[in-house]
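I opened my notebook and went through this one piece by piece. Here is what I looked up, in the order I got to it.

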Amino acid sequence: MKAALASRPLLWLVLAMPGAWILYRWAATPDLYGYGHAIGDSGDWAAWLLMATLAVTPLRLLFRRHGWTAWLMRRRRDLGVASFAYAAGHTVIYLVRKGSPDIVLAELSTPYILIGWIALALFVPLAATSSDIAVRALKRTWKRLHRLVYPAAILTFLHWVLSAFDPTVAWIHVGILAAIEGLRVWLQWRQRVT
Ligand code: HEM
C-alpha cells in the first residue's frame, strides 16, 4: 500500500482515467455522448482538480500531524498540472468543434469565452514552472509567480457561472471554493499570530 501511494506513475494513471473515459465515450458513442458532454465533463474535471489543489494547504494547516497531509503536499503540484491538462484538453475539444480560426477569433467577443482564454493563459506559466528544477531555479520568485493561481481560479469559476444556462451548480462550486480560501486565509493568519 505504501509503495502504491508513493508511486507517481500510479497517481497519474488514476488522474488520467476520467480523461480517457471522456475521449472513449466521445469517440465510441458520439450520438449519445457528444460535444456538449465532452466540453462540460472536461471543464468539470479541470475545475475539480483545481479545487483539490487549492484545498491542500488548508488541509495541511488543519491536520498537520497526519501523514496523509504531508503526502498531499508532495503531490500538490501533480494535482495542479493535472488540472491544467484537463483545461488544455477542454480547450482542444472546443477548438476541434469550432474547426476554424475565424470562428475561434469571432467568439473571443463572448465574455465567458474570453475569460476562459485569460484563465488558461494564466495557468500556462504555472504549469511550465511545475518541475522540481523550476522550483529550485526560481527560489522565492516561484512562490510569488504561483500566486497567479488565485486570479486564475476566480476567472475559471466566473467562466463557469457565465457559461452555464442554469448557473446553480457553478455557484455551489463558487461557494465551496470561497470556503476553502476563507479557511486557508484564516488558518494562515491564526497560525502566524499565535
Ligand atoms: C481556452 C479557453 C476556454 C474555452 C474556449 C472554453 C470553452 C468552454 C465552453 C464552450 C464551455 C461550455 C459552455 C456551455 O455549456 O455551453 C465551457 C464550460 C466550462 N469550462 Fe471552459 N473554456 C476555456 C477554459 C477553461 C478553463 C481554463 C477551465 C478550468 C480550469 C474551464 C472550465 C470550464 C467549466 C467548469 C465549464 C462548465 C462545465 C459544465 O457545464 O459542467 N474552461 N468552457
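I started with helix H4: its 32 residues should span 46 Å at 1.5 Å a residue, and the end C-alpha atoms are 46 Å apart, so the two agree. The expected span here is 1.5 Å times one less than the number of residues in the helix. Helices are DSSP runs of H or I with at least four residues, strands are runs of E with at least two, and both are numbered from the N terminus.

Before going on, I noted that this is a predicted model, where local features need pLDDT of at least 70, side-chain atom pairs count only at pLDDT 80 or more, and totals for chains, interfaces and linings use all residues. Residues are numbered from 1 along each chain as its sequence is written.

**More on H4**

I found a kink of about 50 degrees in H4, centred on Arg-75. The bend at a residue is the angle between axes fitted to the seven residues ending there and the seven starting there.

Next I asked which residues of H4 are buried. They are Arg-77, Leu-79, Gly-80, Ala-82, Ser-83, Phe-84, Tyr-86, Ala-87, His-90 and Ile-93. Buried means that 20 or more other C-beta atoms lie within 10 Å of the residue's own; exposed means 12 or fewer, partly exposed is in between, and C-beta atoms are placed from the backbone. The cover over these buried residues includes helix H2 (8–28), H3 and H6.

Gly-67 also sits in H4. Is Gly-67 buried or exposed? Gly-67 is exposed, because it has 9 other C-beta atoms within 10 Å. I also checked Gly-67 against Phe-84: they are 17 residues apart along the chain, and their C-alpha atoms are separated by 26 Å. Just after H4, Gly-99 has a positive phi of about 70 degrees.

H3 has 28 residues and reaches 40 Å from first C-alpha to last, close to the 40 Å expected. H3 bends by about 30 degrees at Val-56, with a proline, Pro-58, following within four residues.

**Around the ligand**

H3 gives the most, with seven residues. Of the 21 residues around the ligand, Gly-43, Ala-46, Ala-87, Gly-116 and Ser-163 come nearest. A residue counts as near if its C-beta atom, placed from the backbone, lies within 6 Å of the molecule. By class, I noted twelve nonpolar, eight polar and one charged residues in the shell.

Lys-139 has a positive phi of about 50 degrees although it is not a glycine. I found Lys-139 in the loop between helix H7 (132–138) and helix H8 (140–145). Lys-139 is exposed, because it has 9 other C-beta atoms within 10 Å.

**The whole protein**

Stepping back, I noted ten helices and zero strands. The C-alpha trace spans about 55 × 35 × 35 Å along its principal axes. Of the 194 residues, 20% count as buried.

Key: Ala, Val, Leu, Ile, Met, Phe, Trp, Tyr, Cys and Pro count as nonpolar, Asp, Glu, Lys and Arg as charged, and the others, Gly among them, as polar. Two residues are in contact if their C-beta atoms, placed from the backbone, lie within 7 Å.
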